[in-house]
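These are my notes on one chain. I went through side-chain pairs, helix packing, backbone angles and confidence, and wrote down what I looked up.

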Amino acid sequence: MVTLRLRQLHVPPGQRVLIEHVSWPEFAEIVEELGDHRGTRVAYSQGTLEIVSPLPEHEKAKVVISDLIKVLLDELDMPWESLGSTTFRREEMVAGIEPDDCFYIQHQDMMMGKDRIDLTVDPPPDLVIEVDVTSTTALQAYTALQVPEIWRYHNRTLQIYLWRNGHYVESPSSPTFPQLAVIEGITQFLEMSREHGTARALRAFRHWVRGHIQA
């Protein structure tokens with residue numbers, strides 16, 4: 001049997017690698033060896049490990065969507081904590097995943113000051129962002145984690161999935177921001193960021209949010 005070290009593995013931007021028959025201890029060792037400072041993302045479910053290297057298009061959309069959410073939270077005076085692409089693991093469900101970004105909002109007070117997450121006692125993030133450019137997010141790992149709300153950006157359209165009765169269902173609105181048409185708003189101002197720059201789009205989005213709150 002040939003054994004390769006992970007530092008020998010190169011995943012070009014926009015590509016992904018699937019490794020099958022990976023045990024839970026092996027997955028934990030792989031995450032440790034990859035470390036925190038890297039350009040790849042991992043997802044693990046039922047023995048299959050996926051390693052993805054995002055494109056710049058993916059990273060730009062992820063950052064802008066995160067910034068738009070922060071504007072929403074700020075304007076609605078909602079406290080939050082972001083854990084970015086933290087690796088979330090559930091050993092008993094044999095699943096682990098790194099979201100593009102994630103927010104604790106309803107459970108923000110429980111997560112302040114925490115440096116380590118233990119999903120046997122800590123809640124999963126309240127809101128997760130996934131940007132799909134070259135691959136499609138597998139919701140199976142999130143099913144194991146039971147994240148309440150997932151925002152998936154695909155084909156320049158925002159989709160919202162909610163955890164309901166043991167599975168994810170697509171929703172036309174966000175229960176976190178029920179007073180706003182976030183699907184239309186996020187999509188519109190993300191497109192504006194491409195055409196006119198992020199700073200201009202964020203300022204316009206803040207004005208849009210205020211107008212809808214005060215209406």
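I looked up arginine 194 and found it partly exposed, at 31% relative accessibility. On the scale I used, buried means under 20% relative accessible area, exposed means over 50%, and partly exposed is in between (1.4 Å probe, protein chains only). The side chain of arginine 194 forms a salt bridge with that of glutamate 191, 2.7 Å from N to O. I count a salt bridge when a side-chain nitrogen of Lys or Arg is within 4 Å of a carboxyl oxygen of Asp or Glu. The two residues sit 3 apart in helix α5, so about one helical turn separates them. Helices (H or I, at least four residues) and strands (E, at least two) are DSSP runs, numbered from the N terminus.

The model is predicted: local features need pLDDT of at least 70, side-chain atom pairs count only at pLDDT 80 or more, and totals for chains, interfaces and linings use all residues. Residues are numbered from 1 along each chain as its sequence is written, and side-chain values use heavy atoms, with hydrogens and water left out.

Next I followed glutamate 191. Is it buried or exposed? At 19% relative accessibility, glutamate 191 counts as buried. Its side chain also meets that of arginine 156 in a salt bridge, at 3.4 Å from N to O. This pair links distant parts of the chain, 35 residues apart: arginine 156 is in the loop between β9 (149-154) and β10 (157-164), and glutamate 191 is in helix α5. I noted arginine 156 as partly exposed, at 45%.

How many salt bridges does the structure hold? I recorded 7. One of them joins the side chains of arginine 206 and aspartate 74, at 2.8 Å from N to O. Arginine 206 is in helix α6 (residues 198-214) and aspartate 74 in helix α2 (residues 56-75), so the pair ties together parts 132 residues apart in sequence. Both ends are partly exposed: arginine 206 at 25%, aspartate 74 at 47%. I also found a network of salt bridges that links Asp74, Glu75, Arg206 and Arg210.

Then I checked how α5 and α6 pack. Their axes are 7 Å apart, at an angle of about 150°. That makes α5 roughly antiparallel to α6; the label applies to angles over 145 degrees, against under 35 for roughly parallel, 65 to 115 for roughly perpendicular and oblique for the rest. The axes are lines fitted to C-alpha atoms, for helices over the stretch in contact, and angles run from 0 to 180 degrees between N-to-C directions. Contact means heavy atoms within 4.5 Å. Residues making the contact include Phe189 and Met192 of α5, and Phe205 and Trp208 of α6.

Glutamine 146 has phi near 60°, lies in the loop between α4 (139-145) and β9, and is partly exposed at 40%. Asparagine 165 has phi near 50° and is in the loop between β10 and β11 (167-171). Asparagine 165 counts as exposed, at 78%.

Last, the whole chain. I noted 6 helices and 11 strands, with buried residues making up 47% of the 215. The mean pLDDT (the predictor's confidence in each residue, from 0 to 100) is 83, and 83% of residues reach 70 or more. Confidence is highest in helix α5 (residues 182-196), at a mean of 95, and lowest in strand β6 (residues 95-97), at 72. Where pLDDT is low, the predicted coordinates should not be read in detail.
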